[in-house]
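Trainee: Please take one part of this model and go through it closely with me. Start with a cavity lining, then follow the helix packing.

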Amino acid sequence: MSDVIRLLPDSVANQIAAGEVIQRPASVVKELVENAVDAGAHQIDVLVTDAGKTCIQVIDDGKGMSETDARLAFERHATSKIREASDLFALHTMGFRGEALASIAAVAQVELRTCQEGEALGTRLLIAGSKVEEQEAVACPCGSNFSVKNLFYNVPARRKFLKSNQTELSNILAEFERIALVNPDISFTLYHNGTEMLNLPAIQLRQRIMGVFGKKLNQELLSMDVTTSMIRIHGFIGKPETARKKGVRQFFFVNGRYMRHPYFHKAIAEAYERLVPVGEQVSYFIYFEVDPAHIDVNIHPTKTEIKFENEQAIWQILSAAVKETLGRFNAVPSIDFDTEGMPDIPAFESSRQGSVTPPSASYDPSYNPFHVSSSVPPSSYSAASSFRKPTDWEPLFDGLERKTPVEPEAKEMPPEEPTLYDAHPEETVKEITTQHYQYKGSYILTSVKSGLMIINQQRAHVRILYDRYMRQIADKHHVSQRLLFPEMVHFSASEIPVLEEIKDDLLALGFDLSNLGGGSYAINGVPAGIEGLSPERLVTDLVQTAIEKGVHVKEEVQSLLALSLAKASAIVPGQVLTSEEMNNLVDGLFAVSTPNYTPDGKIVLAVVKEEDIEKLFKN
């Protein structure tokens, strides 16, 4: 029997490694920029063409490489930071695994120009598909200049699964922002197709955050700093009043590296408990400085998941630090007894009471509210007057009469009447009478032939609004309401490509946005009928929803925007409706093609069958 196990060629092994390390153009940017940071660069420039699919160029003024180092850097497991296994637990730099450049060169055409300080000539290296095609001595500035062209040119299956240019550019900018946020002492620029997207000079940390996310954030953050023998935690947390459901900026960094950590996020969320509405969150930028021997950053290919040796203790330190910061800046709500400038109201003194006597209350102990007096005309118990309050119910006592008599039931009923879900919408409308009742400000009750229909008023409104907004997008016929004073909204560089991608659909919905430059936009108009909602928060939420869902098919984006806007604009639970409003809502619900479910599949209405109601009163 022949042997079946064989060693893979280096080119194949590199492509397999690339599958873990290089997933999209953003991965290339991350690896190259982190290497530039490790090289001691003071200025890093990134130039991207076609969202990185055509070319990614990273230029730095770091220490550069010798001819030998330049060649070895593209070999697998080549690194300047590890000599023995124990070095893995004392790393303070970014790239160390020694697979990044080899992985990039396996799936792209790479050109490197690099020179060390004091050297007259540098090195030019050209590699494609892991093969060195050219190497020569050239004159070039001190530092390194990487040019990565035609990513995944030799792996068409991988290239086919890349997203749209806007989505890939957004991912590049997100990675770029994370590195910029932990290196405020380095100047960064990023260009896409020749257009400057970010220009971040070396500056203090708080100003760097403002440079990335806008100056408005400066008013929302509280500074935090605590040092213990185990760890130092510092950074900024949001004020409770800035909480929102979407669009918050939340970042954890450990020893200069971005990380995701749901456990530590929970510590912050619990510290804000009862300070912010349920379901809302605040922004935070939190930096951990800890002995590298107490963490493991090598548990995930992208090194964004990090394991701590003393997670429970750090959780307690983090939670206490957040609470202390909130208390120190008086962020915890308190009762304000400020009387400055208020009229001086003298305290009541019993000696001044004089002849004034307090009023006395009188009542009839024999009064029975359920007793029907013969002097009250039956017409006063009309159905209209019996249901003015949302929790009132139909009169249950024999002595009460209704203006509108109840029609007798049909003489014959089919043996198995179809439920509401089986009925055609037009048939359902015919069943409904014009008498509706509201229960606890959330449900509308109405009688149908088969029993009692219960409608969730908020979901019904979402269903109606969604269809309306989808028609507006399809017909390009929007109704926009101009704002008397335009509102300003700022987007980070990573959000702008997504905004530009959905801008036409936002226009079709009724939003009027104008680009002011620098990530700032003016909201000049909003869809009619959303009075009382914050235009700035609404637009931000729509962009964040598009980012979170990651949709790239235009129809899906349109449906997503319409549903998000419908949910934001719909009536809220507990909102009392008049009889006319209930009529309009029910009529509008059964005018849509699918009234039984919301666009995201939630039940809008249900029917309690007549026989089930009768069973309740058999005994």
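Mentor: Start with the second largest cavity, which is lined by M230, V290, H294, F308, E309, N310 and I314. (A cavity is a set of points on a 1 Å grid over the protein atoms alone where a 1.4 Å probe fits but cannot get out; lining residues have an atom within 4 Å of a point.) The model is predicted: local features need pLDDT of at least 70, side-chain atom pairs pLDDT 80 or more, while totals for chains, interfaces and linings use all residues. Numbering runs from 1 along each chain as its sequence is written, and side-chain values use heavy atoms, without hydrogens or water.

By class, this lining has four nonpolar, two polar and one charged residue. (Ala, Val, Leu, Ile, Met, Phe, Trp, Tyr, Cys and Pro are nonpolar; Asp, Glu, Lys and Arg charged; the others polar.) The volume is about 30 Å³. There are two cavities of 30 Å³ or more.

Now follow I314 from the lining into helix α9, residues 311-328. (Helices are DSSP runs of H or I, at least four residues.) Helix α8, residues 262-271, packs against α9 at about 30 degrees, with the axes 9 Å apart. So α8 runs roughly parallel to α9 (under 35 degrees).

By class, the contact has ten nonpolar, two polar and four charged residues.

For contrast, take helix α6, residues 165-182, with helix α7, residues 205-213. Their axes come within 9 Å and cross at roughly 160 degrees. So α6 is roughly antiparallel to α7 (over 145 degrees). The crossing of α6 past α7 is right-handed. E177, A180 and L181 of α6 meet L205, R208, I209, V212 and F213 of α7. Six of these residues are nonpolar, none polar and two charged.

α6 has another partner, helix α13, residues 496-509. These axes come within 8 Å and cross at roughly 160 degrees. So α6 is roughly antiparallel to α13. Q166, T167, L169, S170 and L173 of α6 meet P497, V498, E500 and E501 of α13. That contact has four nonpolar, three polar and two charged residues.

Definitions and conventions: Axes are lines fitted to C-alpha atoms, for helices over the stretch in contact, and angles run from 0 to 180 degrees between N-to-C directions. Helices (H or I, at least four residues) and strands (E, at least two) are DSSP runs, numbered from the N terminus. Angles under 35 degrees count as roughly parallel, over 145 as roughly antiparallel, 65 to 115 as roughly perpendicular and the rest as oblique. A crossing is left-handed if the near helix is turned anticlockwise from the far one by less than a right angle, and right-handed if clockwise. Contact means heavy atoms within 4.5 Å. On a 1 Å grid over the protein atoms alone, a cavity is a set of points where a 1.4 Å probe fits but cannot get out, and a pocket is an open set with protein on both sides within 12 Å along at least five of seven lines; lining residues have an atom within 4 Å of a point. Grid points are joined across faces, edges and corners, and a volume is the space filled by probe spheres set on the points.
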